[in-house]
Each structure stands twice: as C-alpha cells, then as structure tokens.
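Good morning, and thank you for coming.

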Amino acid sequence: MSTTFDKLSQHVFSIGVELPLDNDWAHFDATKGTPFGVPDISKHHERIQLADKLGFKAAWVRDVPIYDPNFGDAAQVFETFSYLGYLAGITKNILLGTAAVVLPLRQPWLVKKAAATVQHLSNDRLILGVASGDRPSEYPLFGVDFDTRGEQFRQALDIVKSGNDRLSNGMVLLPEVAQPPLYVAGLAQQNPQWVGENMDGWLAYPGTPNDHVKRVALWRSVAGNKPYVSFIHLNLLEDDEAPIKRHRFGVETGVNGLIKELHAMKDAGVNHIGLHFRRNTHSVDAAMQRIAQHVFPHFHDK
C-alpha cells in the first residue's frame, strides 16, 4: 500500500505544539545542576494529553540522538520513534510529526519500519519530517561522513518512499499502512526544485511574517499548494494587550498580539504554526489553555 493522505493539509491554517512542553529556557538555574537545554519532562504525559484535549492540531518532536552542550538543546530527551509510539497510545486526535528525523544517521529500512509502526499505532496520524542534519559532532560517532550527507539523504529517502518496490518473493515490510506524508526541514542539501517535486510539505525555520512571505513564494513556485509549516518560540504574557516584542525565532506578547502575529503568518501563506514554549515565563499549561480559549476560535474550525 503506498497511498498518502495528509490530514494536516485539510486545514487552511492550524496551530500545533513543538515538544518538549516545558519552559526550561525561561527558568534556567545553573545552580540546580541540570545543563542548559535539558527540559523537565516530569509532566510530559499530562501536557501532551492536555494539548490533545484542547485541540492543538499537531505535536512535533525532534531528533537529537546525543546532547551536545555546544548546541545546548536536548529537545524532548526521548528517542524520536520510541516516544511517538508512546504518544500514539496516550493521545487520540493530535497529529504526530517529526521535525525532523536525521536520515543520514539512521538505517533507512528501520526508519521505514518505525514509521509504519507509528502510523499503524496512531491510526494514520504520523507526519514524517526528515532532514540531512546540522550537527557535525554527531556524524563521527555514527561513522557517517558529514560532507556527503546530502547524497546519503537522497539514498535513504528513496528507500523510505519506494523501498517496497525492491522487495521480491513474497517479502513485505509490516505493518502495511498508508504512506505517511513526507515533509523536509530546510532544503536537506538539495535544490528547491527537487524538494518541491519529491516532498509533501516543508518545515521552514522560524521567522517573521515578512521572512515567510519570501519563503512561501519560493515554496509555491516549486511545490504548489503543499503544506508550508513553521514554528514560533513564544512567551505568552498575562497581559492580553501586551505588544509584540521579537526575539530570536519568536515573539513575546499577549493573547491579542499572538492573534495578530498568527493572522500575519496566515496572510503570508503559512499553513501551520507549531508553538514552542521553552521561553514562556509563565505556566505552559495555562498558556495552552488561554490559546485554546481565545486564539483557536480565530483559526480552527469548530
């Protein structure tokens, strides 16, 4: 079975979350002994269930096999596919996306197997985001040449997309499932034309609405109406009228400023925004609840 049905593309514009659902960047305390960028995951179960219940459309997890203090970010701590299998069992509706699996660091047949497993366990809620990777320190550990990661990405993607065509004599990769939509983070060392032709969606780096106007125009020129996804590092203030203040990869603002920013993203042609709460100074749970109450009615169908 090789059909692809992209549930995220059914929405003109939607809002999701990027894991971990913690605000460790806003409250880092070096005296506690935990390195910067390692989140508190003690409430990860409750918070992803809350995001699912509130109606966030997608949860995005990253692929960080080794914590490197030079990058200072352990992402959601857990291994990507193992964690997605867990999330599939404790959530009902939220789409489960990777942003993104580093293909050159993984055996592609096992990526295909792991993705099929998550796709089955989640009732077709997987969006398989892939990348060529950007952390040179990881490649020697895996015995992989960093400089050829672009070619290795293409070879691995071919197996993930079309590997079943290589099977013979009754061989089959189980479980047999619908092919999850394949998104790419950045350009993965490829040219835009190739990316537009071979991928189902684009995971663009965070930016301002004006940044996205330019990137969306490029994406539409090579990929038509395929989904364009990006992220906002958010600090949602308690004052609803707090104006927008920009910081690297995001904004600090109140509810009304967030609504304004998301309208600008939608007008720029962005189809989905994943909200990232690690810079959020107040409670992550409260921020998600306020967004569901005050922001979703402007963007999500009832």
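Let me begin with a term. A residue is called buried when its relative accessible area is under 20%, exposed when that area is over 50%, and partly exposed in between, using a 1.4 Å probe and protein chains only. The model is predicted, so local features need pLDDT of at least 70 and side-chain atom pairs count only at pLDDT 80 or more, while totals for chains, interfaces and linings use all residues. Residues are numbered from 1 along each chain as its sequence is written, and side-chain values use heavy atoms, with hydrogens and water left out.

With that term in hand, consider Glu 261. Its relative accessibility is 3%, and it therefore counts as buried. Glu 261 forms a salt bridge with Arg 246, and the closest N and O atoms are 2.9 Å apart. Here a salt bridge means a side-chain nitrogen of Lys or Arg within 4 Å of a carboxyl oxygen of Asp or Glu. The two partners are 15 residues apart and belong to distant parts of the chain, with Glu 261 in helix α8 and Arg 246 in strand β9, residues 245-247. Helices (H or I, at least four residues) and strands (E, at least two) are DSSP runs, numbered from the N terminus. Arg 246 has 47% relative accessibility and so counts as partly exposed.

I turn to helix α8 itself. How far apart are its end C-alpha atoms? They are 20 Å apart, which agrees with the 20 Å that its 14 residues, 255-268, should span at 1.5 Å a residue. The expected span is 1.5 Å times one less than the number of residues. Buried residues of α8 include Val 255, Leu 258, Ile 259, Leu 262 and Met 265. After α8 comes Gly 269, with a positive phi near 105 degrees.

Next, the other salt bridges. How many does a search of the whole structure find? The search finds 10. One of them joins Arg 47 to Asp 285, with 2.9 Å between the closest N and O atoms. This pair connects helix α1 (residues 44-54), which holds Arg 47, with helix α9 (residues 284-299), which holds Asp 285, across 238 residues. Arg 47 counts as buried because its relative accessibility is 9%, whereas Asp 285, at 22%, is partly exposed.

Another salt bridge brings together the side chains of Asp 63 and Arg 106, at 2.9 Å from N to O. Asp 63 lies in the loop between β2 (58-61) and α2 (80-90), and Arg 106 in the loop between β4 (101-102) and α3 (108-121), so the pair ties together parts that are 43 residues apart in sequence. Asp 63 is buried at 10% relative accessibility, and Arg 106 is partly exposed at 21%.

Let us move to the strands. Two strands pair if DSSP finds at least two bridges between them. Strand β6 (residues 182-185) pairs in the parallel sense with β5 (residues 126-131) over three bridges, and β6 pairs with β7 (residues 201-203), also in the parallel sense and over three bridges. Leu 128 stands opposite Leu 182, and Val 184 stands opposite Trp 202. From β6 the chain crosses through helix α6 (residues 192-198) to β7 in a right-handed β-α-β crossover. Right-handed means that, with the strands pointing away from the viewer, the path from the first strand over the helix to the second runs clockwise. Within β6, Leu 182 and Val 184 point one way, Tyr 183 and Ala 185 the other, and all are buried.

Finally, the backbone. Most residues other than glycine have a negative phi, and most peptide bonds are trans. Which residues does a cis peptide bond join at an omega of about 10 degrees? They are Leu 19 and Pro 20, and Pro 20 is placed in the loop between β1 (14-18) and α1. A cis peptide bond also joins Leu 174 and Pro 175, with omega about -5 degrees. Asn 123 is not a glycine, yet its phi is positive, about 60 degrees; this residue is exposed, with a relative accessible area of 59%. Ala 188, in the loop between β6 and α6, has a positive phi of about 50 degrees. Ala 188 is buried, its relative accessible area being 5%.
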